[in-house]
Amino acid sequence: MAWKIEKAEFVTSAVEPKGYPPPDRPEVAFGGRSNVGKSSLINDLVGRKKLVKTSKRPGRTQTINFFNINDELYAVDLPGYGFAKVPDDVRDAWGPMIEGYLNHRPNLCAMVVVMDLRRGVEEDDFELIMAAPLFGIQPILVFTKADKFSRNKRQQRRRELARDIDADPGELLLYSSTRGFGRDDLWKRISYLCGV
Ligand code: GTP
Ligand code: MG
């Protein structure tokens, strides 16, 4: 697909598999810590400022939200993890909700793990990165808020983080939703893994 976004629309919110839309097209999910910038990244990626609700208050996205892109792909905004102040029942629901999702989406072709370039790969992120292949899914590692660094500093940070997790620096994508860079590289990765 040439990534001209002609249609980007909300489809539905779900907490359980019975609420998911039919798995009739490839699907890419976006996971990461609460407040890291997942929803902003989806908006930037599809060039719509307000498709997905964003917030300064962490823990905003608490359900699994499905978006239809060009009738060819679903983009899925997953609720964030790792925010201490959400009520216990919300936090306890996260694991089963995500596991249920990973277990019930045969059309899922990629998991974008969104991280903050300043914070790097934290324990929960690493767990998600390691878990994805067990469900037959390739993780795509994206470090957002890269605009918080100078050009040189962010490349240096990328090499540092790659070394930490024993990956090739080229596997780590730098992103900024506010400044709008990293979009093409991420689309390339998604296209490659999802065949769209
Ligand atoms: P939850 O739904 O609560 O898990 O959060 P989220 O991961 O969806 O984060 P969201 O997109 O709502 O963004 C959180 C905050 O980070 C907002 O204040 C955004 O404006 C800000 N933000 C997101 N992306 C970027 C970025 O690339 N650069 C900068 N500087 N700020 C960003
Ligand atoms: Mg969100």
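How many residues surround ligand 1, and which are the closest?

## Surroundings of the ligand

In this predicted model, ligand 1 is surrounded by 24 residues. The closest of these are Lys38, Ser40, Thr61, Asp147 and Ser177. Sorted by class, the shell around ligand 1 holds 14 polar residues, eight charged residues and two nonpolar residues.

Among the secondary-structure elements, helix H1, which covers residues 38-46, gives the most to the shell around ligand 1. The contribution of helix H1 is three residues.

For Lys38, a polar side-chain atom lies 2.7 Å from an oxygen atom of ligand 1. For Ser39, the distance from a polar side-chain atom to an oxygen atom of ligand 1 is 2.8 Å. On the nitrogen side, an N or O atom in the side chain of Thr178 is 3.1 Å from a nitrogen atom of ligand 1.

On its own, ligand 1 has 660 Å² of accessible area, and the protein covers 88% of that area. The site of ligand 1 is the largest pocket.

## Fold of the chain

The protein chain contains seven strands and five helices. In sequence order, these elements follow the pattern β-β-α-β-β-α-β-α-β-α-β-α. The radius of gyration of the protein chain is 16 Å, close to the 16 Å given by the globule rule for 196 residues, so the chain is as compact as a globular protein of that length.

Along its principal axes, the C-alpha trace of the protein chain spans about 45 × 40 × 30 Å.

Conventions: Residues are numbered from 1 along each chain as its sequence is written. Chains are lettered from A and ligands numbered from 1 in the order in which they are written. This is a predicted model: local features need pLDDT of at least 70, side-chain atom pairs count only at pLDDT 80 or more; totals for chains, interfaces and linings use all residues. Side-chain values use heavy atoms; hydrogens and water are left out. A residue is near a molecule or strand if one of its heavy atoms lies within 4 Å of it. A polar contact is a pair of N or O atoms within 3.5 Å; within protein, one must be able to donate a hydrogen and the other to accept it, and residues adjacent in sequence count only if both atoms are side-chain atoms. Accessible areas come from the Shrake-Rupley method with a 1.4 Å probe; for residues, only the protein chains shown count as cover. On a 1 Å grid over the protein atoms alone, a cavity is a set of points where a 1.4 Å probe fits but cannot get out, and a pocket is an open set with protein on both sides within 12 Å along at least five of seven lines; lining residues have an atom within 4 Å of a point. A molecule sits in a cavity or pocket if more than half of its atoms lie within 2 Å of its grid points. Helices (H or I, at least four residues) and strands (E, at least two) are DSSP runs, numbered from the N terminus. Ala, Val, Leu, Ile, Met, Phe, Trp, Tyr, Cys and Pro count as nonpolar, Asp, Glu, Lys and Arg as charged, and the others, Gly among them, as polar. The radius of gyration is taken over C-alpha atoms; the globule rule is 2.2 Å times the number of residues to the power 0.38.
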